[in-house]
Amino acid sequence: MRTVLGAGAFLVLAGCARNAELPPLVEDRQTQRSALSGEGTSKGEPLHFEVKRYPGNEPYSVASDRGSVVLLDVWATWCEPCRDSLPLYEQLAKEYGPRGLKVYALNVDEDERAIPAFVAATKVALPILVDANAAVAEKTLKVRMMPSTFLVDRRGVVRFVHEGFTEEFLQKYQTEIEQLLAERAE
């Protein structure tokens with residue numbers, strides 16, 4: 001029984017850690033990049049993707065938020081650190097929203113029927129986006145770890161990328177958000 005529980009715990013932790021099939025997103029957990037270089041996104045160019053909003057399936061395009069700073073958190077219901085990060089991102093949305101920050105939770109679950117129970121348990125009211133088949137997370141954002149957080153400037157360019165989450169990251173995020181909010185959109 002201990003072997004089964006140990007193996008189960010390992011699989012859960014491995015699931016929240018890295019997806020070995022994807023290329024490296026960053027050098028280590030705290031590495032930042034000035035831009036992405038993925039499918040449809042070149043270094044220093046605005047991010048482009050379209051997904052559906054949850055629960056109504058209305059279309060969402062990241063281009064619709066040009067002029068705002070965007071915090072995009074890629075998460076899944078099976079990811080334990082996501083349970084801690086999303087409520088804190090909701091606090092950031094309340095604090096910085098009036099100054100131009102928009103926060104989205106991009107879900108990559110295979111079955112979106114798991115979302116309502118997660119939302120009820122965490123009491124998160126952030127706008128949720130659904131990434132069908134994790135296409136955006138894998139091909140455009142090159143996500144390897146859950147959660148992964150992207151800070152996008154007013155021009156739509158990814159400026160900061162963070163893998164994983166601990167509450168100690170929050171001050172760094174606030175500093176980066178303040179920096180991006182202070183910049184003008186061109």
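Let's start with Ala 134, which counts as buried at 11% relative accessibility (buried is under 20% relative accessible area, exposed is over 50%, and partly exposed is in between, with a 1.4 Å probe and protein chains only). Ala 134 sits in the loop between strand 5 and helix 4, where helices (H or I, at least four residues) and strands (E, at least two) are DSSP runs numbered from the N terminus. Ala 134 is not a glycine, yet its phi is positive, about 55°.

Now look at Asn 133. That residue is in the loop between strand 5 (128–130) and helix 4, and it too has a positive phi without being a glycine, about 60° in this case. Buried or exposed, then, for Asn 133? Exposed, with a relative accessible area of 72%.

A word on what we're looking at. This is a predicted model, so local features need pLDDT of at least 70 and side-chain atom pairs count only at pLDDT 80 or more, while totals for chains, interfaces and linings use all residues. Residues are numbered from 1 along each chain as its sequence is written, and side-chain values use heavy atoms, with hydrogens and water left out.

Okay, the overall picture. The protein has 5 helices and 7 strands, and along the sequence they come in the pattern α-β-β-β-α-β-α-β-α-β-β-α. Out of 186 residues, 47% count as buried. Contact here means heavy atoms within 4.5 Å, and among contacts with a separation of 6 or more, 72% are between residues 24 or more positions apart.

Next, the helix packing. Two packed helices are described by the angle between their axes and the distance between the axes. The axes are lines fitted to C-alpha atoms, for helices over the stretch in contact, and angles run from 0 to 180 degrees between N-to-C directions.

Take helix 2 (residues 80–96) against helix 5 (residues 169–182): they pack at about 30°, with axes 12 Å apart. That makes helix 2 and helix 5 roughly parallel to each other (under 35 degrees is roughly parallel, over 145 roughly antiparallel, 65 to 115 roughly perpendicular, and the rest oblique). On the helix 2 side, the contact uses Leu 88, Tyr 89, Leu 92, Glu 95 and Tyr 96; helix 5 brings Leu 170, Tyr 173, Gln 174, Ile 177, Glu 178 and Leu 181. By class, that's 8 nonpolar, 1 polar and 2 charged residues (nonpolar is Ala, Val, Leu, Ile, Met, Phe, Trp, Tyr, Cys and Pro; charged is Asp, Glu, Lys and Arg; the others, Gly among them, are polar).

Helix 2 also meets helix 3. Here the axes come within 10 Å and cross at roughly 65°, and the crossing is right-handed. From helix 2 we have Cys 82, Arg 83, Leu 86 and Pro 87, meeting Phe 118, Ala 121 and Thr 122 of helix 3. That contact divides into 5 nonpolar, 1 polar and 1 charged.

A polar atom of the Thr 122 side chain is 2.9 Å from the backbone oxygen of Phe 118. Leaving aside neighbours within four places in sequence, Thr 122 is in contact with Arg 83 and Pro 87.

Another threonine, Thr 77, is in the loop between strand 3 (69–75) and helix 2. Thr 77 is buried as well, with 12% relative accessibility. Not counting residues up to four places away in sequence, Thr 77 touches Arg 83, Asn 107, Asp 109, Ala 114, Ile 115 and Phe 118.

Which side chain does the Tyr 104 side chain make a polar contact with? That would be Asp 65, at 2.7 Å (a polar contact is a pair of N or O atoms within 3.5 Å; within protein, one must be able to donate a hydrogen and the other to accept it, and residues adjacent in sequence count only if both atoms are side-chain atoms). Tyr 104 and Val 70 are 34 residues apart along the chain, with their C-alpha atoms separated by 7.6 Å.

Last, the prolines. The Tyr 54 to Pro 55 peptide bond is cis, omega near 5°, and Met 146 and Pro 147 are also joined by a cis peptide bond, omega about -15°.

Key: Left-handed = near helix turned anticlockwise from the far one by under 90°.
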